[in-house]
Amino acid sequence: MNTHPVDILNLLSKLTFRRLSNASLVWLSYTWSRIIGKPWHPALPISVSVEPTTSCNLRCPECPSGLRSFTRPTGMLQTESFRRMLDEIHRDVLYLTFYFQGEPFLNPAFLEMVNMASKRKMYTATSTNAHYLDDETARRTVESGLDRLIISIDGSTQETYEQYRIGGRLDKVLEGAANIVKWKKQLRKSTPYVVFQFLVVKPNEHQTEEIIKLAKEIGVDDVAFKTAQVYDFEHGNPLIPETDKYSRYYKKADGTFALKNKLLNHCWKLWHSCVITWDGSIVPCCFDKDAGHKMGSLNQHSFRQIWANENYRQFRSSLMKSRKEIDICKNCSEGTKVWAND
């Protein structure tokens, strides 16, 4: 993660002795598990993602929310459910991301939940398509205590932007970003740290320099270029960019494509993070978009019970034996963001 020193200091300011001890134990247990080839996990995660909603206003072609293709239940996270979860994990968990699938700002209680986590001194982040950041919502967002705001902006012109963000309006995105920057200045706040996230696909890869200039003009803090996950990549896909560093895939001698990730039999995500769906199911990571690998439900068990249960132990064990055989791992590309000054 490439961030400004102010943002790094903000993140470090959230550390307590308990959170630091937990994070250290996560790292030690992950390292030891790799050495012995068996999972050992005595700590809670460092980072948790929660899903405010599965609803979305856009129809992006490689997204289950955009395609309306979920087989799992859809809905919105309720404040009381979030409060119960937060009360259990906030002493140990440092980083809370309000995003999985869907557009977070469609949940009417979203900023209230951000504020609840902020009051517990957790580092909070979210990702948005920025279509709902009108002046009033932008002010409330800055006041909520949100630490990081990732704005998806996949084109520097409307024509390019709407090729992937189907149904979206670039002018709304730019207006929303400008509103956030304005209210940060007016309220004399250093947060949220605003990142333009540019999903690089073939139709927009020629606009990477333009988006950096656009970010500077508006006053956005940083730009991140994200590689695109496509579901049917083996025989090529019109979304796969030609610029190698922005592609998750490489072209083989026979003309077919393969994932760059070697899928070694270990995964840091399984130790330091997890995802909680809007209805309380815990799944191992953000690649399990349809929640096919439910480790348990917070409606029936505590977070700590689920994190250390037999389902999780078996999943970590299976991954350490043959990660390539796990469906959600087959298209994984953990760590494939490229920052503007990389």
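Of the contacts in the protein between residues at least 6 apart in sequence, 69% join residues at least 24 apart. The model in which these contacts were counted is a predicted one. Its secondary structure consists of twelve helices and twelve strands. The radius of gyration is 20 Å, in agreement with the value near 20 Å that a compact globule of 342 residues would have. Along the principal axes, the C-alpha atoms occupy a box of roughly 55 × 50 × 40 Å.

Buried residues account for 57% of the 342 residues. The accessible surface amounts to about 15,600 Å², and carbon and sulfur atoms contribute 52% of that area. Charged side chains comprise 46 positive and 38 negative groups, with the centres of the two sets 6 Å apart.

Helix α5, spanning residues 110-119, is mostly covered, with seven of its ten residues buried. The buried positions in α5 are Phe110, Leu111, Met113, Val114, Met116, Ala117 and Ser118. After α5 comes Lys121, for which phi is positive, near 60 degrees.

Ala130, which is not a glycine, has a phi of about 65 degrees and is located in the loop between β3 and α6. Arg188 is placed in the loop between α8 and β5 and counts as exposed because its relative accessibility is 80%.

The peptide bond leading from Thr191 to Pro192 is cis, and its omega is near 5 degrees.

With residues up to four places away in sequence left out, the contacts of Asn179 are Leu133, Asp134, Asp135 and Ala138.

A search of the whole structure for disulfides returned zero. Cys285 is accordingly in no disulfide, and the nearest cysteine sulfur, that of Cys286, lies 5.1 Å away. The cut-off for a disulfide is a pair of cysteine sulfur atoms within 2.5 Å. The relative accessibility of Cys285 is 11%, which places this residue in the buried class. Cys267 is also buried, at 6% relative accessibility.

Terms used
Residues numbered from 1 in each chain as written. Predicted model: local features only at pLDDT ≥ 70, side-chain atom pairs only at ≥ 80, totals over all residues. Heavy atoms only, no water. Helix = DSSP H or I, 4+ residues; strand = E, 2+ residues; numbered from the N terminus. Rg over C-alpha atoms; globule rule 2.2 N^0.38 Å. Buried < 20%, exposed > 50% of the residue type's maximum accessible area, 1.4 Å probe, protein only. Contact = heavy atoms within 4.5 Å. Areas by Shrake-Rupley, 256 points an atom, 1.4 Å probe, with all protein chains shown as cover. Lys, Arg positive; Asp, Glu negative; His and termini not counted. Charge placed at Lys NZ, Arg CZ, Asp CG, Glu CD.
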